[in-house]
Amino acid sequence: MATVIPFGPQHPVLPEPIHLKLVVEDEVVQQAVPALGFVHRGLESLVDVRDFHQMVQVTERVCGICSMIHAAVYCQCIEELMGVEIPPRGAMLRVVWSELHRLHSHLLWLGLAADAFGFEALFMQSMRIREIIMDVMEKTAGNRVIISVNVVGGVRRDLDSEQQKWILAQLDRVQTGLQRISSAFLNEYTVQQRSKGIGALNRDKALELGAVGPTLRGSGVAQDIRMLGYGGYSELEFEPVVEQGGDSYSRMKVRLREAFQSIALVRQALGKLPEGEIAVKVKGRPEGEVIQRVEQPRGELLYYVRGSGKKNLDRLRIRTPTNANIAPLLAMIPGCELADVPVIVLSIDPCISCTER
Amino acid sequence: MSDDTTRIAAKDLLGTMKSVKAQGYRFVGITARDTGERMELLYHLDLDFALHTYRVDVPYALAVPSVTSIYFCALVYENEIKDQFGLEFEGLALDFEGRYLMDQEVTSFPLRHPKTIPAKGGE
């Protein structure tokens, strides 16, 4: 006989609220129906009351994990509309902070995943390493999460050579720490039992359901929007991280490898940091419409901006990666054991505040 | 943005989506905009990093054919548009009836143009 079990919105493994109605027979889930709306803030509608410069601060607050990337893509949109070319140093500094955000986001996820597996010591270690990145943010931008470095036309903070050396030294510490915990994530019996073959999504299904980010790349699709070479990425050597398994273990492996990749990208970006200005002064008001896509830690992030020469935009539309990964999640759950649902939900790295805006 | 955008009629929407799916396009999302006179829907699709957008103009009162029978993942975007603009979708695979993101107490459509906004329902 089918039973309906509510999962969330408050649950020990969920950092943010999402509700799933799980239809189960015995211990096997037959269907999952989502319910959202617990943290909807109506941020898109703030274009009516905040001007296009002030919206940089609003977009930073879409997400508490990858705030910098939201502000960067929003600025990219406005710069494209106004025909502004930002200085190469400003573009490369955006890469540095973007990759630091990806790194701390993936470390946070690895810790939360370990907690979901019931591996508390690994959770503690992941968070301990992540703290180094948070210190880097604080020391370079004055804040830990919402670092407010973006402005339309570039960035508002520079990194001098002493700061760059210090960041590289901190990255060495992060890399050493990550190497120490990697084998636990990849080879530990407990982790493998809780993630291998769990929440499987094959390549075709992932594409059909519009999956993005590590969820898509964990199913064998080499699609990473950074390959478009936006901003400073065109100057960096970069290969997308792809795994073939399509299960929760593969998605975890993608994020673990991407954490190392982010360290390498920050090193490359600092090594190639051009001299010069970090921002240009912007005059005028945005007119026209534009779409920009960037790669957030959870996947492809799309911004649509439309302006009509006024200080307030006509429309701002934010399509976040978790929004795209909800349909794939609904396909992963049916057929799984009830006890595996928390791990599967976590495997898409859901960011509900982003999704609901 | 004009060079990668195609304007299509609402009646051709399902046929176009079937055709692009057969070509291997990934569904990226839908952007809705209230022009003040009608709704404009932008369907974003990706093939090998090239983003293509189909632009559809629809009157407020028209029920737009849902593309969820072709791209199931469109359900999150269509439900969101229904919540925020009050636009109806015909054949929506999973209909949250205007309560996907919105609370029960919300009785208007927050992103509809203020001059055209009804308290609830169509024209």
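How many aromatic pairs does the count come to over all chains? I got four by this rule, where rings of Phe, Tyr and Trp (its six-membered ring) pair if their centres lie within 6.5 Å.

**Ground rules**

I am working from a predicted model, where local features need pLDDT of at least 70, side-chain atom pairs count only at pLDDT 80 or more, and totals for chains, interfaces and linings use all residues. Residues are numbered from 1 along each chain as its sequence is written, chains are lettered from A and ligands numbered from 1 in the order in which they are written, and side-chain values use heavy atoms, with hydrogens and water left out.

**Entry: rings in chain B**

I noted that a pair of aromatic rings is described by the distance of the centres and the angle of the planes. I looked up Phe27(B) and Tyr71(B), which form a tilted pair, 5.0 Å centre to centre with 35° between the planes. For the label, planes under 30 degrees apart count as stacked, over 60 as edge-to-face and the rest as tilted. Phe27(B) sits in strand S2 of chain B and Tyr71(B) in the loop between strand S5 (64-65) and H2 of chain B, so this pair ties together parts 44 residues apart in sequence. My helices (H or I, at least four residues) and strands (E, at least two) are DSSP runs, numbered from the N terminus.

Next I checked Phe27(B) with Tyr77(B), and that pair is tilted as well, at 6.0 Å centre to centre and 40° between the planes. Tyr77(B) belongs to helix H2 of chain B, 50 residues apart from Phe27(B) in strand S2, and the pair links distant parts of the chain. Together, Phe27(B), Tyr71(B) and Tyr77(B) are linked into a cluster by ring pairs.

Phe27(B) and Tyr71(B) are both buried, Phe27(B) having a relative accessible area of 1%. Tyr77(B) is buried too, at 2%.

**Entry: where chain B meets chain A**

I counted 32 residues from chain B and 38 residues from chain A in the contact, with contact meaning heavy atoms within 4.5 Å. The area buried between the two chains is about 2,900 Å², and carbon and sulfur atoms give 60% of this. Buried area here is the accessible area (1.4 Å probe) that two parts lose on being put together, summed over both. On the chain B side, Arg26(B), Phe49(B) and Leu101(B) lose the most area to chain A, together 25% of what that side buries.

I then found 14 residue pairs in polar contact across the interface, both residues at pLDDT 80 or more. A polar contact is a pair of N or O atoms within 3.5 Å; within protein, one must be able to donate a hydrogen and the other to accept it, and residues adjacent in sequence count only if both atoms are side-chain atoms.

Which element gives the most to the side of chain B that touches chain A? I found S2(B), with seven residues.

**Entry: salt bridges**

The structure holds 36 salt bridges over all chains, and six of them cross the interface of chain B and chain A. The rule wants a side-chain nitrogen of Lys or Arg within 4 Å of a carboxyl oxygen of Asp or Glu.

I looked up Arg26(B) again, and it forms a salt bridge with Glu300(A), the closest N and O atoms being 3.0 Å apart. Glu80(B) forms one with Arg317(A), also with closest N and O atoms 3.0 Å apart. That pair crosses from helix H2 of chain B to strand S8 (residues 315-319) of chain A. Glu80(B) is buried, at 3% relative accessible area, and Arg317(A) is buried at 3%.

Inside chain A, I found Arg217(A) and Glu258(A) in a salt bridge (2.6 Å, N to O). Arg217(A) lies in helix H8 (residues 214-217) and Glu258(A) in helix H9 (residues 248-271), so the pair ties together parts 41 residues apart in sequence. Both Arg217(A) and Glu258(A) are buried. They belong to a network of salt bridges that includes Glu99(A), Arg102(A) and Asp224(A).

**Entry: positive phi**

I kept in mind that most residues other than glycine have a negative phi. Phe49(B) has a positive phi of about 75° although it is not a glycine. I placed Phe49(B) in the loop between S3 and S4 of chain B, partly exposed at 21%. In chain A, Ser148(A) has phi near 50°, and I found Ser148(A) partly exposed at 22%.

Notes:
Buried < 20%, exposed > 50% of the residue type's maximum accessible area, 1.4 Å probe, protein only.
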